[in-house]
Structures are given as structure tokens and as C-alpha cells.
Amino acid sequence: MDFDYAIFTNLTREHLDYFKDMENYFQAKALFFRHLKPEAIAMVNIDDPYGQRIEELCTGRFMSYAINQPADYMAKDIVYSPEGMAFTLVHDGKEYPVTTNLQVTYNLYNLLAVAGTLDQAGLNLEDVIKEFEYIPSIPGRMDEIRDGQNYRVIVDYAHTDDSYNKLLHYVRHDLPGIKRIITVSGAPGKRDAGNREIFGHYFSQYCDYSILTEEDCRDEPPKKVADEIAAGMKEDYPHEYIENRAEAIQAAVDMAEPGDIVLVLGKGAEKYLDGNTGKRFWEGDDVSARKAVKNRKEREAAE
């Protein structure tokens with residue numbers, strides 16, 4: 001394949017059951033940038049330390065984007081809200097105001113990468129930015145369940161320690177008006193088990209209550225996986241284990257109070273759960289969460 005454009009977003013701990021360590025993982029990704037033609041554009045996130053290393057080996061034309069340091073395309077004056085984000089895109093000495101319905105800092109990085117790449121491809125940067133104002137959500141990715149309730153429910157596919165850290169940090173520190181954070185999640189079996197205690201650490205660092213549940217445990221007992229997550233939590237951090245995923249989601253929704261946020265993490269819109277007998281049907285976290293909100297609403301209306 002002869003590529004004209006290549007984007008490097010970031011590199012975080014994942015797939016180490018295959019790559020064994022982060023250096024092997026990086027070198028595998030780096031192959032893409034080692035074989036670009038000289039006129040190809042490499043749009044690289046230099047806030048990521050691995051992105052900084054890409055510049056040394058890239059055979060194409062290296063260009064950068066960032067939030068925390070000067071770059072060819074950078075963002076400043078970032079404002080987060082329940083409706084999305086606003087920021088200023090700075091490029092070539094000019095400033096462009098941007099508003100978008102997307103949330104979380106990683107999406108800000110993604111927008112910078114897209115804006116820079118399309119600008120280099122010859123599109124008008126101001127026209128590109130206009131399209132950022134509303135981008136349809138992808139099922140299972142920062143998918144907010146709205147049914148008029150006075151608490152928030154968000155379903156997200158986050159399933160790595162880095163994605164947990166970024167999402168939970170955003171909700172705790174950047175998203176205004178949040179009281180308690182309640183999570184529903186598990187961890188996959190027969191994968192990198194070294195991150196399970198890290199999951200627990202992040203839950204007890206950022207959240208107020210966690211319900212641990214089944215999540216593609218394969219041939220590992222779900223309770224064993226949950227216990228390994230809990231081992232990373234602070235000793236007094238409140239949590240419980242509910243094996244049935246639908247019941248766990250319903251329990252989290254039922255305990256939410258005005259101003260709270262329920263984060264259902266791990267499966268997103270995937271339609272299966274992988275257990276000890278293989279894959280079985282699962283309606284998806286998005287469908288299950290929507291049902292849970294509706295069930296609570298109907299129950300309260302009848303009381």
C-alpha cells in the first residue's frame with residue numbers, strides 16, 4: 001500500500017499478551033512510519049512521548065499536533081461542558097475558534113489530527129472546522145443515554161487502563177456539575193492481567209462507587225477477575241460484585257441521585273459476551289443502559 005497521509009495518535013498499554021512489552025509494541029507501530037514515501041504527510045501527536053520518537057525514524061514529511069506544547073496544529077483556551085467542547089485551533093500564526101459536541105480530551109486530539117491532515121490535503125481549514133460542530137455519535141463511544149432523568153448515564157467502550165484514566169480524569173476534573181461517579185465494569189479474561197489492579201486504582205482514585213461485573217471473562221471465573229480489580233482499590237473504597245451484567249447496570253442506575261453520573265464501561269455496543277462456553281448474545285451496554293433508565297422511570301411513575 002502506498003500511503004499519502006499517516007496519523008499517529010498515541011501509544012498506551014494494550015495487546016501486551018502479544019507484544020510482551022511496550023518497546024516491541026512501539027516498534028511494530030513504527031514500521032508504518034519507517035516506510036512512508038518522502039512526500040507523504042505524517043501527522044503526529046507530540047504530546048505523546050512515543051510520538052516524539054516518530055520524528056527520528058519517519059521517512060515522510062513530519063508534522064505535529066499537540067495541546068501542551070507548540071506544534072504545527074495546536075489547541076488552546078479549552079472549555080469543557082456537558083454539551084461538548086470549545087477551543088482555539090492555532091496554525092501558521094492564525095487562530096480559529098472551534099466548537100464541537102464531542103467530549104473528552106482524546107477527542108480533542110483526534111480533531112486536531114483530522115483538521116491538520118485535511119488541511120494538508122488541500123481542504124479549506126475553516127470549512128473543515130465547521131463540520132466539527134456536530135458529529136454523530138458512534139454507538140457505544142461516549143454514548144449518553146437521555147430520557148429526561150436528573151442524573152447522567154454514559155456508555156463507553158473504554159477497556160484499557162489508559163482509557164479509564166483519561167475518561168475518569170475528564171469526568172472528575174473537567175466535566176462541570178458532577179456529584180458522584182458510579183461505574184459498572186469488568187475486565188477481559190485471558191488477556192493482559194497486569195492491568196486489572198491498575199483499573200481498581202483508577203476507580204478508587206476518581207470515583208465514588210463501583211460495581212464489578214462479567215466482561216468477556218472467557219475461561220476465567222468472573223469473580224476471580226473482579227477480585228483482581230478490587231485488589232488495586234483503596235481499602236475503604238465502596239464497591240460490590242454483581243455477576244449478571246444487566247443486573248449490575250440496573251443497580252447502578254437505580255442508585256444514581258440528581259447530579260450523579262453512571263459510567264457503563266467496557267463493551268459499548270458489542271452484541272456478545274465471551275464466557276467459558278464461548279460467545280453468547282449480549283444486547284449491548286447501550287441497549288441495557290437505556291432499558292435500565294426506562295425501567296427506573298416507569299417504576300417511579302407507578303409509585
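Start by selecting Arg218, in the loop between strand E10 (209-212) and helix H8 (222-230). This is a predicted model, so treat each stop as a feature of the prediction. Check the backbone here: Arg218 has a positive phi of about 55°, and it isn't a glycine. Most residues other than glycine have a negative phi. Is Arg218 buried or exposed? Its relative accessible area is 16%, and the cut-off for buried is under 20%, so Arg218 counts as buried.

Next, jump to Val104, which sits in the loop between strand E6 (94-100) and helix H4 (105-120). Val104 also isn't a glycine, yet its phi is positive, about 75°. With a relative accessibility of 1%, Val104 is buried.

Now pick Arg141, in the loop that runs between helix H5 (125-130) and strand E7 (143-145). Arg141 is partly exposed, at 44% relative accessible area. Which residues does Arg141 touch, leaving out those up to four places away in sequence? Show Val155, Asp156 and Tyr157 to see them. While you're there, draw a C-alpha to C-alpha distance from Arg141 to Ala158: the two are 8.1 Å apart in space and 17 residues apart in sequence.

Select helix H6 (residues 161-174) next. Its 14 residues should span 20 Å at 1.5 Å a residue, and the end C-alpha atoms are 19 Å apart, which agrees. Then colour the buried residues of H6: Asp161, Asp162, Ser163, Tyr164, Leu167, Leu168, Tyr170 and Val171.

Last stop: a helix pair. Two packed helices are described by the angle between their axes and the distance between the axes. Show helix H2 (residues 22-34) with helix H3 (residues 49-57); they pack at an angle of about 45°, and their axes are 10 Å apart. That angle makes H2 oblique to H3, and the crossing of the two is right-handed.

- From H2: Met22, Glu23, Phe26, Gln27, Ala30, Phe33 and Arg34.
- From H3: Tyr50, Arg53, Ile54 and Leu57.

Colour this set by class and you get 7 nonpolar, 1 polar and 3 charged residues in the contact of H2 with H3.

Definitions and conventions
Residues numbered from 1 in each chain as written. Predicted model: local features only at pLDDT ≥ 70, side-chain atom pairs only at ≥ 80, totals over all residues. Heavy atoms only, no water. Axes fitted to C-alpha atoms, helices over the stretch in contact; angles between N-to-C directions. Helix = DSSP H or I, 4+ residues; strand = E, 2+ residues; numbered from the N terminus. Parallel < 35°, antiparallel > 145°, perpendicular 65-115°, else oblique. Left-handed = near helix turned anticlockwise from the far one by under 90°. Contact = heavy atoms within 4.5 Å. Nonpolar A, V, L, I, M, F, W, Y, C, P; charged D, E, K, R; others polar. Expected span 1.5 Å × (residues − 1). Buried < 20%, exposed > 50% of the residue type's maximum accessible area, 1.4 Å probe, protein only.
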